[in-house]
Amino acid sequence: MIWLTLRQFRIQALVGAGALAVVTAYLLYYGGEIRDGYDVYRASCRSVADCAQATSQFRSAHQNTLLFLATGLALVPAVIGAFWGAPMIARELENGTHRLVWNQSVTRRRWLLTKLLLVGTAALVLTGGCAAALTWAAQPFDEVVQDDFQAFVFGARNIAPIGYAALAFTFGTVVGLVLRRTLPAMAVTLVVFIAFQFFFPTVIRPGLLPADKITLPITAAAVNQAQSLGSIGGGSVVNGLKIPGAPDAWIAETSPMRTADGKDLDGTRFNKCLDSPPKTGASGTFGDAAVCLAKLGLHVDVRYHPRSRYWPLQWLETGTYLVISGLLTAFGLWRIRRRAS
């Protein structure tokens, strides 16, 4: 059974090995470029003002490429689930070739479990290898920028991608077992898992550990340190605030700007400060708008995770994926024994 599975999987294994070699070679090269830039950054960082400029230059030089690579790595588990997991059983059931094995001494459960373990191990090795190479390449950048809690970045570093790969592959296999048609199983796996990759970081991940809470006053300095003001929906929000004493903390949730009595700031007053603030000649990112908002006596309520929770969250998230994968495997073993024919 093991030999048969390896023979059926040989083409996918060769393609995966080739892809891993190409990705690793590129990331070794790009990691060298990042380290050269890091040396320049350290040489330029002699004072607070110099460090701010050097950090901005270092960030702008590599941020877009690393985000692109992180997004690409996030697609690897989805592709594995769709092109390795979904067809693995669905194609056999669709073509009727499963009967040849089931009429031998191999049981249905052993047949399914052998395929899951062998091909699943290859999926973990491929994804884990890519993640290790990207984590190594981006290490100096992450050390300087400290933005590795960002949704796609967090899921593309260290051990989290391994959990994604396990879940995507197992999910694809079970979908193929249930639907018994290759193309529908591939489509469902791809769409559902990509949606899951957006859902988990925004809805589940912030609640894996209890978040700390803090109330931050909206001062002109705080506003000028933020990344943006407002939202697509026109809400009175400030994005990218920094926690005093913990600038590298992950802010999981920020309330709208609130007045001293705890009510959300009226959109009209917020927009007035943004669009036509009193002229004060203030400097900074938001200038007069920051001064205008600061005079309203506002605050925001923030839920955040300090950087010390990075690895606990990595282990919890990966463990969650593995537990779900185990449950899907148990369901598949039950399904193939009682329902498949």
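**View 1. Thr170 within helix H7 of the predicted model.** In this predicted model, Thr170 is found in helix H7. With a relative accessible area of 7%, Thr170 is buried, since values under 20% count as buried. When residues up to four places away in sequence are set aside, Thr170 touches Ser325, Leu328 and Thr329.

**View 2. Helices H2 and H5 side by side.** The axes of helix H2, spanning residues 10–44, and helix H5, spanning residues 108–145, come within 9 Å and cross at roughly 5 degrees. That angle makes H2 roughly parallel to H5, because angles under 35 degrees are counted in this way. The residues that form the contact of H2 with H5 divide into 18 nonpolar, six polar and two charged.

**View 3. The largest nonpolar core and Leu134.** Which members of the largest nonpolar core touch the most other members? Of the 37 residues in this core, they are Phe58, Leu66, Trp84, Ile89, Leu112, Leu134 and Phe169. The elements that give two or more residues to the core are H2, helix H3 (48–95), H5, helix H7 (160–179) and helix H12 (310–338), and of these H5 gives the most, with 15 residues. For a closer look at one member, Leu134 is in contact with Leu27, Leu66, Leu69, Ala70, Leu73, Ala156 and Arg157, leaving aside its neighbours within four places in sequence.

**View 4. Helix H11 and what covers it.** Helix H11, made of residues 287–294, is mostly covered, with six of its eight residues buried. These buried residues are Gly287, Asp288, Ala289, Ala290, Cys292 and Leu293. What covers them includes helix H9 (220–225), strand S2 (228–229) and helix H10 (267–275).

**View 5. Segments annotated as transmembrane regions.** An unreviewed UniProt entry places the feature "transmembrane region" at residues 12–32, 66–90, 111–138, 158–179, 186–204 and 318–336. How much of the chain over residues 66–90 is helix in the model? Over these residues the chain is 100% helix and 0% strand, and the end C-alpha atoms are 36 Å apart. Over residues 158–179, another of the stretches listed in that entry, the chain is 91% helix and 0% strand, with the end C-alpha atoms 34 Å apart.

Note on methods. Residues are numbered from 1 along each chain as its sequence is written. This is a predicted model: local features need pLDDT of at least 70, side-chain atom pairs count only at pLDDT 80 or more; totals for chains, interfaces and linings use all residues. Side-chain values use heavy atoms; hydrogens and water are left out. Axes are lines fitted to C-alpha atoms, for helices over the stretch in contact, and angles run from 0 to 180 degrees between N-to-C directions. Helices (H or I, at least four residues) and strands (E, at least two) are DSSP runs, numbered from the N terminus. Angles under 35 degrees count as roughly parallel, over 145 as roughly antiparallel, 65 to 115 as roughly perpendicular and the rest as oblique. Ala, Val, Leu, Ile, Met, Phe, Trp, Tyr, Cys and Pro count as nonpolar, Asp, Glu, Lys and Arg as charged, and the others, Gly among them, as polar. UniProt positions are given in the numbering used here, feature names are shortened, and annotations may be inferred rather than shown by experiment. Buried means under 20% relative accessible area, exposed over 50%, partly exposed in between (1.4 Å probe, protein chains only). Contact means heavy atoms within 4.5 Å. A nonpolar core is a set of buried Ala, Val, Leu, Ile, Met, Phe, Trp, Tyr and Cys residues joined through side-chain atoms within 4.5 Å.
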